[in-house]
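This briefing goes through selected features of one structure, grouped by topic. Please keep the sequence and the model in view while reading.

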Amino acid sequence: MKLSIFTVATPELSPEELVRVASEAGIDGIEWRYKEAPENASEQKPSFWGNNLCTLLPSGGEEMADQFREAAAAHGLSSISVTPYLTAGDLEATEDVLRKAKRVGAQFIRLGVPGYDRSRPFGELFALTRQYLKDAEGLCRQYGIKGLVETHHQTIAPSASAAYRLVEGLDPSFIGVLYDPGNMVHEGFENYRMGMEILGPYLAHVHVKNAAFATDGTADDGSVKWKSEWSGVKEGVVPWKQVIADLKAVGYDGYLGVEDFSGQFPETQQMLKHFVQYMRELLQAEA
């Protein structure tokens, strides 16, 4: 397995700074965040989802895409993904991302999956997304890039089995699943190996982060309330030693992409060194 970094987790670095630090740490691939900057972003401190200096902007055009591709290539790194925040059903925006991904030389993009908040029936959202993924499959085939559904809390794909229902029957050469055990702490936990076995050929990429539970006061009936929050990769609920063993057991040989939101380390360089050392220890232990 190879190691990658999703630039949502590196907001204080420019693309050129990020690839240098990543290369020095032993990272193999880059997942470029793709989203327009919020208004007045330049006046804000760097942050994961706000003023992120390592984000490929839709308005940046081919020139910015070339800049990001060349930055990675200059340090011998692969641009493995262009990762946007798409809306299920928006094929025009999906094709825009595919064009940029092709320009960057990426093998993946992330497709849109609706959130679930009880305001719309699951069946309606499921039907919408299935049609979108079928249509997106054709676009992905056209561009030679695989579109991924991410296991993500507060969506209709919080677990491996829920994601599998969305992609079942589609061509795994062009549609796959981004498996994220850290997200599944918040919602969607299933036995890791079982989930991987359910996904089978659709298991295309893995994100590495962690989360933990903390008490959050008491409910009206006096019972304890709990909340989930991001933690360090080694400190949370996800037993990464077991997850790595399970990935090996099902024959996964793709990327492990760090997406650490814990704030445990003040600098990306420290976070990456910690991640690479820990993953190498686990990979060697399970060799």
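A salt bridge here is a side-chain nitrogen of Lys or Arg within 4 Å of a carboxyl oxygen of Asp or Glu. By that criterion the structure holds 14 salt bridges. The structure is a predicted model, in which local features need pLDDT of at least 70 and side-chain atom pairs count only at pLDDT 80 or more, while totals for chains, interfaces and linings use all residues. Residues are numbered from 1 along each chain as its sequence is written, and side-chain values use heavy atoms, with hydrogens and water left out.

**Salt-bridge network**

- A network of salt bridges links Glu62, Asp66, Arg69, Glu70 and Arg103.
- Within it, Glu70 and Arg69 form a salt bridge whose closest N and O atoms are 3.4 Å apart.
- Glu70 is partly exposed, with a relative accessible area of 48%, and Arg69 is also classed as partly exposed, at 29%. The classes are buried for under 20% relative accessible area, exposed for over 50%, and partly exposed in between (1.4 Å probe, protein chains only).
- Arg103 meets Glu62 in a salt bridge between side chains, at 3.3 Å from N to O. Because Arg103 lies in helix H3 (residues 91-104) and Glu62 in helix H2, this pair ties together parts that are 41 residues apart in sequence. Helices (H or I, at least four residues) and strands (E, at least two) are DSSP runs, numbered from the N terminus.
- Arg103 also forms a salt bridge with Asp66, with 2.7 Å between the closest N and O atoms. This pair too links distant parts of the chain, since Arg103 is in helix H3 and Asp66 in helix H2, 37 residues apart.
- Arg103 is partly exposed at 35% relative accessible area, whereas Asp66 counts as buried at 15%.

- Arg110 belongs to strand E5 (residues 108-110) and is buried, with a relative accessible area of 10%.
- The side chains of Arg110 and Glu150 are joined by a polar contact of 2.6 Å. A polar contact is a pair of N or O atoms within 3.5 Å; within protein, one must be able to donate a hydrogen and the other to accept it, and residues adjacent in sequence count only if both atoms are side-chain atoms.
- The Arg110 side chain also reaches the backbone oxygen of Pro84, at 2.9 Å.
- Apart from its neighbours within four places in sequence, Arg110 is in contact (heavy atoms within 4.5 Å) with Phe6, Val82, Thr83, Pro84, Tyr85, Leu86, Leu148 and Glu150.

**Helix H1**

- Helix H1 (residues 15-25) has as its buried residues Pro15, Leu18, Val19, Val21, Ala22 and Ala25. They cover an arc of only 165° around the axis, so they lie on the same side of H1. The arc is that of the directions from the helix axis to the C-beta atoms.
- The cover over these buried residues of H1 includes strand E1 (2-6), strand E2 (29-34), helix H2 (61-74) and helix H9 (268-285).

- Most residues other than glycine have a negative phi.
- Arg118 is not a glycine, yet its phi is positive, near 75°. Arg118 sits in the loop between E5 and helix H4 (122-143) and counts as exposed at 76% relative accessibility.
- Gln154 likewise has a positive phi, of about 65°. Gln154 is placed in the loop between strand E6 (146-150) and helix H5 (160-167), and it counts as exposed at 57% relative accessibility.

**Nonpolar surface patch**

- Phe213, Val224, Trp226 and Val237 make a nonpolar surface patch of about 420 Å². Patches are made of residues with over 30% relative accessible area and no salt bridge, joining like charges within 9 Å and nonpolar side chains (Val, Leu, Ile, Met, Phe, Trp, Tyr) within 5 Å. Accessible areas come from the Shrake-Rupley method with a 1.4 Å probe, and for residues only the protein chains shown count as cover.
- Trp226 is in strand E10 (residues 224-231) and counts as exposed at 56% relative accessibility.

**A buried loop residue**

- Ala41 is in the loop between E2 and strand E3 (55-56) and is buried, with a relative accessible area of 6%.
- A distance of 29 Å separates the C-alpha atoms of Ala41 and His186, which are 145 residues apart along the chain.
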